[in-house]
Amino acid sequence: MRKKSPKLYGMLAGLAILQGVIHQGIVYPNWKENYAPLSGGDMQGLSADQLLFAFAGFRELIAGILWVRADSFFDEGNFDAILPIVRLVTKLDPHQIDVFATGMWHIAYNFTDEGSRSDRRYVPSAVALGAEGAKANPETYELFYETGWLYYHKIEDDYPEAVKWFREAMKRKDVITARKNILNNVYQRNGQVEEAAEYMYGNLEAAKLKQKSNLEFSARQNRDTIENNFDNHLVRMAQRGFFAQKGGYYDQFEYDTKPPFDVGFSARVTAIDAKRIKVEGTWNVLPVGTRVRIVLRDANYPSATPGGMVWNQGAAVNLDPPKELTFMQDQLFVKNQRFSRVIDLSRDPNMYPFTTDKYVVEFFYSPRQAPAYIQDKFGWNGEGMTDKNFLNTDIRPGQRVVYTKMELTKDQILRRGEWSTRVPVVQTSNFAGFGSKQLDGDVIKVPGILSSP
Amino acid sequence: MSVILSIAKTTLGEAIRRKVLLVILLIGVLFLAIAPALEALSPRQELTVLRALTLGIIQLTSAVIAVVLTVYMIPNEIERRTIYTILSKPVRRWQFLIGKYLGAVSALGLMMALMTGIMLLVFVVLRKIEGPAELMMIAKVPFAFFIQMSLLAAVSVFFSTFASPIVNFFLSGGVYLVGTLFDSFFKVLSENSTLNPLVKFMATVIHVIVPNFQSFNVQNSAINPGQQIQAEGLMYLGLSGYAVTYIAILLILGIIVFEYREV
């Protein structure tokens, strides 16, 4: 052996080539395809020992330990600390679906002000996180569903995106039966009334088939639910004049959506104190259930759209939203044909920094978000609704919405300069106050109580 | 062959009696036993965290065992002069080295099997596994780790033919780290379009030459079940083939160095 053995060296060379071929030809491509993390990504935020462990192949272990740590932050209410952990865990192990789902919910819902209003500047990051998670886990419906849910429930706008994500979710085999029904609601909110009916019909047929082979009560219950929803939908299509519009005879008969009802919107915004505004107005619809969206934002907010913003801002998950900008969104609950509310933005300077000089207050209402009993009058697209001053058919194509905006300056909102002694008030030209008769409507008189001795 | 098996058997017996290895094993087993307690702390991710932790514990403990088991292998024989007794018999040096390696790998396999058994027992007792298919899915991950650690043991055996145990410990640990994390660097380098082609070529050469320990990290599919894994059988076959080839290279290199060494 001490003599040089050419055979041995030859064998070594052969084995070296063989290992390269096996690794580069079979192992590495397969590993990259099936087992590799989403991306190398930057691991900033990991301590030196965590970084060492993560790079040494213990990514999932570190991800698990970090997620356990995140739970204590949830308990403590230290929401800021959870965000980087969520990001790290999703980078270390992009297949932890619940971390993506919890992270999206956390980003979109949990950063709130004193009035429980979410910080909308974070929402595009939640959407991006959902898209990233769905891309990394295309085999399961969950993150497609969660991303669709953000559009449907949190954003309540941009419904084509909601439809897109929910449709992707429904293509997956593991989608839960009970979750399939949501898509018909999303179709309706997107104005796709026929698609909703077709979808329900398809689900009903599938449920009937399933019921034949599955005698459990849940199968029957599911079938009954779909059938009931489908029946209601068909009735609504008829009563709201959908078939008539499609057939071209809408003008000839009476439908619930005719004639369009004037909601008589008016509004007034008063800066009652520094960063405290009082918003009041009228909405001549008696049944409870109307929520008018209000947005107060920088006049030049970069991604703003009328009554909202561009929620899909690309693939980058930016956990550092534009902190120098202000974007407040809330709902004004209508009761007794009016709304009145004080919005206090003074306690959350990080959410509402008011750094620029000009601001707009927007009011937005779309029947798409209305409950079914109001849609029965207004229709899916607002065909049964009008407003002689603020009806808008441009800002949401295919919809008749109510929209107006007012301007405020920084000095007015902060009540400084010339506005330190004067009360700034901006209002629609038709705002005429409520009158004493309407205010009386707030008192619910129960016979016998007031007159009791 | 009987010579190699005899040495392997003796090495296995020695390894099982070594207290330091038993302590490491005991720590690993204890961690495996208490890991389920952490599930109460992990919101909505109980099973994922439990699987990640237990598989991570097995991998980490096995890596330490693989290195500690082999770094002392040749130096101890030389220091205690037992190697003279062995080599004075009709035992060739290559037979001695291969026997030592096989004995070490057998000990490693036994210890890993024990840890895997405890992990599966914990899952079964706590009803964290639904059916034999899921049990198999988790059980095959430690098998990939065993191949990985056998390769690490071969690296360590190669270094033990010329390096002292302490130096060997850091050398083997270094190769393990480079072999695991170079993949991330390589990805960054290969995606950088402005990089000098020569540097890229060198990176590719290193990527091919250094044993890639990252490729054995297949635990993600077991930790997060439901992923569609393509050609899993081929992957395990490829991993085995890659490891066996690389182990052969390292042992041949070790034999060459050991043959030239004065003992």
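Asp158(A) sits in the loop between helix 7, residues 142-155, and helix 8, residues 159-171, of chain A. This is a predicted model, and in it the phi angle of Asp158(A) is near 55°, a positive value in a residue other than glycine.

Staying with helix 7 of chain A, let me turn to its packing against helix 5. The axes of helix 5, residues 97-109, and helix 7 of chain A come within 10 Å and cross at roughly 15°. With angles under 35 degrees counted as roughly parallel, that makes helix 5 of chain A roughly parallel to helix 7 of chain A. The crossing of helix 5 past helix 7 in chain A is right-handed.

Which residues make the contact? From helix 5 of chain A they are Ile97(A), Asp98(A), Phe100(A), Ala101(A), Met104(A), Ala108(A) and Tyr109(A). Helix 7 of chain A brings Glu142(A), Leu143(A), Glu146(A), Thr147(A), Trp149(A), Leu150(A), His153(A) and Lys154(A). By type, the residues of this contact between helix 5 and helix 7 of chain A come to nine nonpolar, two polar and four charged.

Next, the other backbone feature in chain A. The peptide bond between Lys258(A) and Pro259(A) is cis, and its omega is near -10°. Pro259(A) lies in the loop that runs between helix 13, residues 242-247, and strand 1, residues 261-262, of chain A.

Now the domains. Chain A is divided into domain 1, covering 48-245, and domain 2, covering 261-437. Their C-alpha centres, for domain 1 and domain 2 of chain A, are 28 Å apart. To the contact, domain 1 of chain A gives 37 residues and domain 2 of chain A gives 44 residues.

How much area is buried between domain 1 and domain 2 of chain A? The figure is about 3400 Å², and carbon and sulfur atoms give 53% of it. On the domain 1 side of chain A, the residues that lose the most area to domain 2 are Arg117(A), Arg121(A) and Arg240(A), together 27% of what that side buries.

Last, a helix pair in chain B. Helix 1, residues 2-17, and helix 6, residues 93-125, of chain B have axes that come within 7 Å and cross at roughly 45°. That makes helix 1 of chain B oblique to helix 6 of chain B. Helix 1 of chain B passes helix 6 of chain B in a right-handed crossing. The residues of the contact between helix 1 and helix 6 of chain B are 15 nonpolar, five polar and two charged.

Methods
Residues are numbered from 1 along each chain as its sequence is written. Chains are lettered from A and ligands numbered from 1 in the order in which they are written. This is a predicted model: local features need pLDDT of at least 70, side-chain atom pairs count only at pLDDT 80 or more; totals for chains, interfaces and linings use all residues. Side-chain values use heavy atoms; hydrogens and water are left out. Axes are lines fitted to C-alpha atoms, for helices over the stretch in contact, and angles run from 0 to 180 degrees between N-to-C directions. Helices (H or I, at least four residues) and strands (E, at least two) are DSSP runs, numbered from the N terminus. Angles under 35 degrees count as roughly parallel, over 145 as roughly antiparallel, 65 to 115 as roughly perpendicular and the rest as oblique. A crossing is left-handed if the near helix is turned anticlockwise from the far one by less than a right angle, and right-handed if clockwise. Ala, Val, Leu, Ile, Met, Phe, Trp, Tyr, Cys and Pro count as nonpolar, Asp, Glu, Lys and Arg as charged, and the others, Gly among them, as polar. Domain bounds come from an automatic or database domain assignment. Contact means heavy atoms within 4.5 Å. Buried area is the accessible area (1.4 Å probe) that two parts lose on being put together, summed over both.
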